[in-house]
Amino acid sequence: MDHRDKGMAENQKAENQKDDTILRVDHVSMCFRMANDRVSSLKEMVTLMLRRKVQFNEFWALKDISFDVKRGEVLGLIGRNGAGKSTTLKIISGILKPTEGSVYRGGNIVPMLELGSGFDYDLTGHENIYLNGAILGYSREYLEEKYDDIVAFSELGDFINVPIRNYSSGMLMRLAFSIATVVDPEILIVDEILSVGDENFQKKSRARMMELMHGGTTVLFVSHDLKQIREMCNRVVWLEDHRVKMFGDTREVCDAYRL
């Protein structure tokens, strides 16, 4: 980065702080290159690549999308399957690097995209609390302070000392949700996970989400349920054909989306 680019980045950061923007997606595009040839093994792929005989197709999952999120805001993302919602969340979370554009993050992010993806199935629930918490950036001391709350919220009881390979999918989701939400994220990314566990746990998880939202946590929330979006979100981004179709007031965007 040269001095001019560095100066522009510093000016942008100062502007974001001034207008209380905690997250800004700025002209982001994402292109995936997919091999056009049928390759049966990694060895064959490497050989073809070395010979420069592999042909790739480009797939643009996102095209020049921009939006911002204010501190403490609940922002909804809507759109049909394949519109680019999950890719957007992965870029914001830092899982993917955009092909073009940039993302400003003004706080620590806890992504609840694929619950349990950071778990080691040979370890116990107890051990995975510390492992997954460390992946999310929390110290051991902080996790020790929150440990009893995490276990109590998960309702796993003595199963917390059992290797998680023996857990049902519902138990796994409850543990992952408990770790992600009992800690205090500044930015929480939620992708269609309010249906974890049984009916009672769903009610409890929804109440916890509402508590976080009302407590000042900034939330990005993806759902196909427009009723949930209307109830929980301040503003909404509508993605269609890998672009931002509409961005603004929740009622206006949801009404337009239904037309």
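Predicted model: local features only at pLDDT ≥ 70, side-chain atom pairs only at ≥ 80, totals over all residues.
The chain contains nine helices and nine strands, and buried residues account for 45% of its 259 residues.

In soluble globular proteins, nonpolar side chains tend to be buried together. In this model the largest nonpolar core has 44 residues, and those with the most contacts inside it are Ile78, Ile129, Ile160, Leu175, Leu188, Met209 and Val219. Helix H6, which spans residues 169-182, supplies the largest share of this core, namely eight residues. Apart from this core lies another, of 24 residues, which includes Ile65, Leu77, Val222 and Val237. Returning to Ile78, and leaving aside residues up to four places away in sequence, one finds that Ile78 touches Lys85, Ser223, Leu226, Ile229, Val236, Val237, Trp238, Leu239, Val253 and Tyr257.

Ile129, another of the residues with the most contacts inside the largest core, is also one of the buried residues of helix H4, the others being Gly125, Asn128, Tyr130, Asn132 and Gly133. The buried residues of H4 pack against H5 and H6. Helix H4 covers residues 125-135, and H4 and H5 pack at an angle of about 130 degrees with their axes 10 Å apart. The crossing in which H4 passes H5 is right-handed. On the H4 side the contact is made by His126, Ile129, Tyr130, Gly133 and Ala134, and on the H5 side by Arg140, Leu143, Glu144, Tyr147, Ile150 and Val151. By class, the residues of this contact divide into seven nonpolar, two polar and two charged. Just after H4, Gly137 takes a positive phi of about 95 degrees.

Helix H5, residues 140-154, also meets helix H7, residues 199-214, and the axes of these two helices come within 11 Å and cross at roughly 140 degrees. H5 and H7 are therefore oblique to each other. In this pairing Ala152, Phe153 and Ser154 of H5 meet Phe201, Lys204, Ser205 and Arg208 of H7, and the contact has three nonpolar, two polar and two charged residues.

Ile91 has its place in helix H3, residues 85-93, and because its relative accessibility is 1%, Ile91 counts as buried. Although Ile91 and Val25 are 66 residues apart in sequence, their C-alpha atoms are 9.3 Å apart in space. When residues up to four places away in sequence are not counted, Ile91 touches Val28, Met30, Leu62, Leu96, Pro98, Val103 and Arg105.

Lys70, by contrast, is found in strand E2, residues 56-70, and because its relative accessibility is 30%, Lys70 counts as partly exposed. Lys70 and Val219 are 149 residues apart in sequence, yet 9.7 Å apart in space from C-alpha to C-alpha, and Val219 is one of the residues with the most contacts inside the largest nonpolar core.

Technical notes. Residues numbered from 1 in each chain as written. Heavy atoms only, no water. Core = buried A, V, L, I, M, F, W, Y, C linked by side-chain atoms within 4.5 Å. Buried < 20%, exposed > 50% of the residue type's maximum accessible area, 1.4 Å probe, protein only. Helix = DSSP H or I, 4+ residues; strand = E, 2+ residues; numbered from the N terminus. Contact = heavy atoms within 4.5 Å. Axes fitted to C-alpha atoms, helices over the stretch in contact; angles between N-to-C directions. Parallel < 35°, antiparallel > 145°, perpendicular 65-115°, else oblique. Nonpolar A, V, L, I, M, F, W, Y, C, P; charged D, E, K, R; others polar. Left-handed = near helix turned anticlockwise from the far one by under 90°.
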